[in-house]
Amino acid sequence: MNASSPSPAQNQASTSTLYGGVTSRRVTVRDLASAKQRGEKWSMLTAYDALTAGVFDEAGIPVLLVGDSAGNCHLGYETTVPVTMDQMVMLSAAVVRGTKRAMIVADLPFGSYQESPAQAMHNAARLMKEAGVGAVKLEGGERSARSIELLVEAGIPVMAHIGLTPQSVHAFGGYPVQGRGDEAAHQLLRDAKAVQQAGAFSVVLEAVPAELAAQVTEQLAIPTVGIGGGPDTDAQVLVWTDMAGMTAGRVPKFVKKYADLRTVLGDAARAFAEDVRGGAFPAEEHSFH
Ligand code: KIV
């Protein structure tokens with residue numbers, strides 16, 4: 001076998017279910033394309049570190065996104081805007097190291113691709129070479145199509161992101177629902193078709209009316225990944241800190257909280273502090289002699 005011929009594992013037909021069907025190699029873009037053909041829905045979660053990513057990988061989440069939501073969910077910024085390429089490379093490399101099976105997609109952060117397709121290529125290559133991710137994600141529909149085309153031509157799988165694109169928070173004046181009204185809906189459809197035409201293997205639809213997301217999903221051959229896009233997209237993504245109840249304060253309407261980790265961790269920390277104060281920790285079984 002030479003370097004260009006796929007290994008038997010890579011060649012394996014992508015017909016088994018994404019959940020537990022394929023365990024000996026990472027999920028690929030071909031698996032996701034097959035899942036759309038079968039009508040199998042799949043999930044994506046964000047991850048920003050090796051430990052948490054490993055938990056999600058073991059749980060069978062087929063795609064993990066090292067989102068630039070790391071800015072507000074991991075690094076303490078208010079928005080995704082300040083996140084740098086160096087930070088994305090470091091976080092993405094950790095997520096790759098912590099996982100065996102999930103496809104790892106990394107965000108190109110604000111300012112790392114908007115200048116030109118060549119800039120997008122340079123930074124996408126950093127994420128592939130230095131972090132080892134399997135795909136990159138960037139925001140924008142028609143406006144990003146030329147960059148997507150160049151990356152895809154270079155062999156880099158690209159996930160697009162349209163609708164509410166958080167890197168444009170200052171232009172939007174917040175995080176409003178997108179695609180409402182005829183003109184906005186038509187623009188969203190044009191954006192979706194433009195990224196598909198440019199070669200994106202999937203597209204995130206964020207904060208758009210459910211009916212419009214369903215229409216886009218029906219009209220595209222590539223999988224749509226909804227976040228606040230209703231029940232009819234091919235896949236669903238949530239930010240893990242929202243999904244697991246780690247986020248402080250209000251979360252968007254589209255979030256479902258599957259756990260209350262903030263309370264669990266806070267209680268554990270308070271119990272530890274109390275034990276130390278009262279002398280109950282460390283006990284005999286925690287001590288060396
Ligand atoms: O950065 C991120 O977490 C994202 C998701 C909201 C899709 O882009």
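Biologist: This is a predicted model. Is F281 buried, partly exposed or exposed?

Modeller: The relative accessibility of F281 is 34%. Buried requires under 20% and exposed over 50%, so F281 counts as partly exposed.

Biologist: How many aromatic pairs does the structure hold, counting rings whose centres lie within 6.5 Å?

Modeller: F56 and W240 form an aromatic pair, with 5.9 Å centre to centre. The rings of F272 and F281 have their centres 5.8 Å apart. The structure holds two aromatic pairs.

Biologist: What is the geometry of the pair of F272 and F281?

Modeller: The planes of the F272 and F281 rings stand at 70°. Planes over 60 degrees apart count as edge-to-face, so the pair of F272 and F281 is edge-to-face.

Biologist: How many residues apart are F56 and W240?

Modeller: F56 lies in helix 3 (residues 50-58) and W240 in helix 11 (residues 240-243). This pair links distant parts of the chain, its members being 184 residues apart.

Biologist: Is W240 buried or exposed?

Modeller: W240 has a relative accessible area of 11%. Buried means under 20%, so W240 is buried.

Biologist: How is helix 7 oriented relative to helix 9?

Modeller: Helix 7 (residues 145-153) and helix 9 (residues 182-198) pack at about 25°, with their axes 8 Å apart. Angles under 35 degrees count as roughly parallel. Helix 7 is therefore roughly parallel to helix 9.

Biologist: Which residues of helix 9 does helix 7 meet?

Modeller: Helix 7 contributes A145, I148, E149 and V152. On helix 9, they meet A194, V195 and A198.

Key: Residues are numbered from 1 along each chain as its sequence is written. This is a predicted model: local features need pLDDT of at least 70, side-chain atom pairs count only at pLDDT 80 or more; totals for chains, interfaces and linings use all residues. Side-chain values use heavy atoms; hydrogens and water are left out. Axes are lines fitted to C-alpha atoms, for helices over the stretch in contact, and angles run from 0 to 180 degrees between N-to-C directions. Helices (H or I, at least four residues) and strands (E, at least two) are DSSP runs, numbered from the N terminus. Angles under 35 degrees count as roughly parallel, over 145 as roughly antiparallel, 65 to 115 as roughly perpendicular and the rest as oblique. Contact means heavy atoms within 4.5 Å. Rings of Phe, Tyr and Trp (its six-membered ring) pair if their centres lie within 6.5 Å; planes under 30 degrees apart count as stacked, over 60 as edge-to-face and the rest as tilted. Buried means under 20% relative accessible area, exposed over 50%, partly exposed in between (1.4 Å probe, protein chains only).
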